[in-house]
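Have the structure open and follow along.

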Amino acid sequence: MMPSWWGIKLLLLSLVCCFIATVSTDDKQLNIGILLSWKGAWPAAPGAAVAILLAFEDLVQEQNLLPGYNISWVWMDSYCEANMAVAATLTLKDSYDLHGFIGPPCSVSLTRTGQIANFYEVPMISWAAASPLLSDKENFPVVSRTVGPYTKMSNIILKLMEHFDWKNCAILGANDDLYSATSEQLLSDLEDGGYNVMFYQSFTAVTADVGSGQKSSWMSQLRSTGVRIIFVLAYCDDMRDVLLAASDLGMLEGYAYLFFDVIEDCHADAAGLGDGRDEEARALFHHVLSVTWYTASTARYEQFVAEMDARRLNFSRYSHPPSGPLAPTTVNPEWLYASVNDSTYDMPSTDAFATIGGYASFLYDAIYLYYLAANDTLAAGFDPRHDGMEVVERVKGRSFAGMSGNVVIDENGDRSPDILLNMISIEGDDYIYTDVGLYESITDSLKLWVNESEWGWPGNSTTIPVDLLETKPNCQERDYYFTVSACDARAAARYVQFFWNETVACEGGVKLPSTVLLECDQVPFASATGRAVCAVCTLGAGVGLVLLGAVVALRRTPDIKASQPVFLGIFVGAAVAVTASNVLGLGPPTAATCLGRAWLFHLAFTAMFGALFLKAYRVWRIFGNKNLRRVKVTVAAILRFLGGLLLVDVALLGTWTVLAPPVAETTLLEITNVGAVPTAACRGSPTFGSLLGMYHVGLVLIGAYISYQTRMVSDKFSESKYIMFAIYQIALIGGLTLMVVSFDTSLSLQVMMGALGWTFSTISAVCVVVLPKLLRLWKPEWFPAVSGYGTQTGGVGGTAGGGVLGTAGNAVGATFGAARGGGTAAGRASP
């Protein structure tokens, strides 16, 4: 039996082995998740991602930092968008046992992901988010950053005001999460410093208020205050529009404009205004001031920039993080290369790092800051993997020599930044940034690197602007506005009255214009022109209706019957409809009148001219029959032909109505010496109107040709000469009417001339065709050459003649019947 003390030794040995095994299995793995914005509103990752490799490669060489720990990292795209950043954060946290986050860079993302990190008590260090909201440690206790909040930009502005002895200024600020609190803090700091903010304007960022025209009203108010020092806290689109409005108002020379973070292409129309003013906007950025975070130009930083550029070329593709274990930083993280040929994460061909600038160094410093805080946490006896809040506390209140310069983190976890002052010059297509000064946070001082006498100012001025113009500015056209009255029906005019803007204080310059009378965008029924049009159309339609009534009443008489009363009635009735269509041009344009007039006029014109055209066609068929073959043209055949002509109109009008109908549309019409005035008119696709016009012109030309061909037919056999006169009359007067109404004349004159032209051309054509027949019935002795009554006994010829449609057919049948049947031909030929 083994002695008892051997049992004790074995027990102790087992415990030692278990302890050693336990220690050996604890590999001290520390995992970091990195959130980058590769795509989205601010695609910073292509220019900054290589800084991740450089930071970890440098840090693993630091033997005194996190000794015994293996640091691994993984990344995802946060898109600079809140929902995508939340998804990326949760995916990383659920997929990997993460102990800290670097990023995201955008404030809109960090305000959401910071709360997730707080829930897990995991430190989150951003390298670009500047929103003042993130300084609220009740909502974002685990968030810190290697850039300062934009509210700290007040420091350099206060120093500039002091240096130039400016006492008055204006603030224009976007009202989103980033700039709203910044503008309010700047206002408070300036007022606390004894400065006078004479104009403060908050506006909607890059949305409804985009466009220099939208900003002109309050820029005019700003100009009237006389203040010349303007601080603009907004995005590029708004910077662009403020400068365009300033240019329009003459607010460049003698003014100073200071923006936050002006980048190249700030002049571009990113909001899609389509104003075509990009090149003009680019030139307006010449000699504006811009403030941004400072990155120290040390030898270390220059080497970092060179390495960034060289290593960037080796990172041709990135992909989403792998599904397997994280790669340790002591090994080249080959999983970062795309394994799935994901072209959406290609590196751009341009120098992306130059676009991002110093933000890559802030990313480097964010990783370094986490290392330092985690190392101090470990030295204090805590485990950075499980004691995330201890890491957070050791981020605050520390300073170190970072890649971007001296990094000083305040007790709130925000960096106390050095701030760079740039003067921007535009040379060709390039933005040239001249570093003219630096605000140092440690010393709370402004150092000018370029003497202010060498600075340039907007409007190519070299004179330092005064902060306040004591005298009122000269009045300009933009300082007044106008109102347009409703249409005065009696006068057929609108009154344009001008008024000074109540918020504008100016003197001298332009004078307020007198009231201007503009023609109405309609012809009222009660106006002189409206009453004249109604009178003309009523007279014309009355004449037409009287003649139509006569045709119907006398339809059984030989002369009317010979002229085919069906087509004669269609011709006269359609002419009345053409005349009546002019009335639809009166009154305010509506969808009903715009569409109704198009349908009525085109269908009525085709019916009127088609009936006339077919009467000429009938004569041509009969007398163009050189072989004297029997020609039979029935009423049904002619009606089908007319229906076919109308069907073309219906097809075109129907397609027009469905695809692009003429509608009442109000647009802004530029009036000389007035401006853009709202004007209503019927507007639609010109294509269909042109097609209908060409179709009608074709009918008129063919009708004119057929009439010309039958001009020699004797009045004893046809009414061709009367038809020819009617067709030519419609073609000549109608053509002249179209020419007159197409001139750029007053609307009243166009409507009046249109009514006179179409009424006269159509009703006179009706009179040319119908009146001779009525006169022959009333005074037959006036037509001795073609009058006389007798019997027709021509046998076969007479029968054939009776079957031929039209006046000429009756006459030819009578003549041929007498010749072939041996009878007499004493019939009546009626024109």
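Start at strand E6 (residues 168-174), which pairs with strand E7 (residues 196-203) in the parallel sense over seven bridges. Strands here are DSSP runs of E of at least two residues, helices are runs of H or I of at least four, and both are numbered from the N terminus; two strands pair if DSSP finds at least two bridges between them. If you want one spot to look at, leucine 172 has glutamine 201 in E7 as its bridge partner.

Before going on, a word on what you're looking at: this is a predicted model, in which local features need pLDDT of at least 70 and side-chain atom pairs count only at pLDDT 80 or more, while totals for chains, interfaces and linings use all residues. Residues are numbered from 1 along each chain as its sequence is written, and side-chain values use heavy atoms, with hydrogens and water left out.

Back to E6, which is mostly covered, with seven of its seven residues buried. Buried means under 20% relative accessible area, exposed means over 50%, and partly exposed is in between (1.4 Å probe, protein chains only). In a regular strand the side chains alternate between the two faces of the sheet. On one side of E6 sit Asn168, Ala170, Leu172 and Ala174, on the other Cys169, Ile171 and Gly173, and all of them are buried.

Now step back to the protein chain as a whole. Its secondary structure comes to 24 helices and 20 strands, and 50% of its 831 residues count as buried. The accessible surface is about 37,100 Å², with 58% of that belonging to carbon and sulfur atoms; these areas come from the Shrake-Rupley method with a 1.4 Å probe, and for residues only the protein chains shown count as cover. Among contacts (heavy atoms within 4.5 Å) between residues at least 6 apart in sequence, 72% join residues at least 24 apart.

Leaving aside neighbours within four places in sequence, leucine 243 is in contact with Tyr257, Phe259, Leu284, Phe285 and Val288. Leucine 243 and proline 458 are 215 residues apart in sequence, yet their C-alpha atoms are 9.9 Å apart in space.

On to the cysteines. The structure holds four disulfides, a disulfide being a pair of cysteine sulfur atoms within 2.5 Å. Among them is the link of cysteine 80 and cysteine 106, with sulfur atoms 2.0 Å apart. This pair links distant parts of the chain, 26 residues apart: cysteine 80 is in the loop between strand E2 (70-77) and helix H4 (82-95), and cysteine 106 in the loop between strand E3 (100-102) and helix H5 (107-120). Cysteine 80 is buried at 11%, and cysteine 106 is buried at 7%.

Cysteine 487 and cysteine 520 form another disulfide, again with sulfur atoms 2.0 Å apart. The torsion about their S-S bond is about 100°, so this link is right-handed. Here cysteine 487 counts as partly exposed at 23%, whereas cysteine 520 is buried at 3%.

What about cysteine 594 and cysteine 682? A disulfide joins them, S to S 1.9 Å, and its torsion of about -80° makes it left-handed. Cysteine 594 is in helix H18 (residues 591-623) and cysteine 682 in strand E20 (residues 675-683), 88 residues apart. Cysteine 594 is buried at 5%, while cysteine 682 is partly exposed at 44%.

In the model, residues 530-554 are 96% helix and 0% strand, with end C-alpha atoms 36 Å apart. Residues 693-710 are 94% helix and 0% strand, and their end C-alpha atoms are 26 Å apart.

Among the buried residues of H20 are Leu692, Tyr695, His696, Leu699 and Val700.
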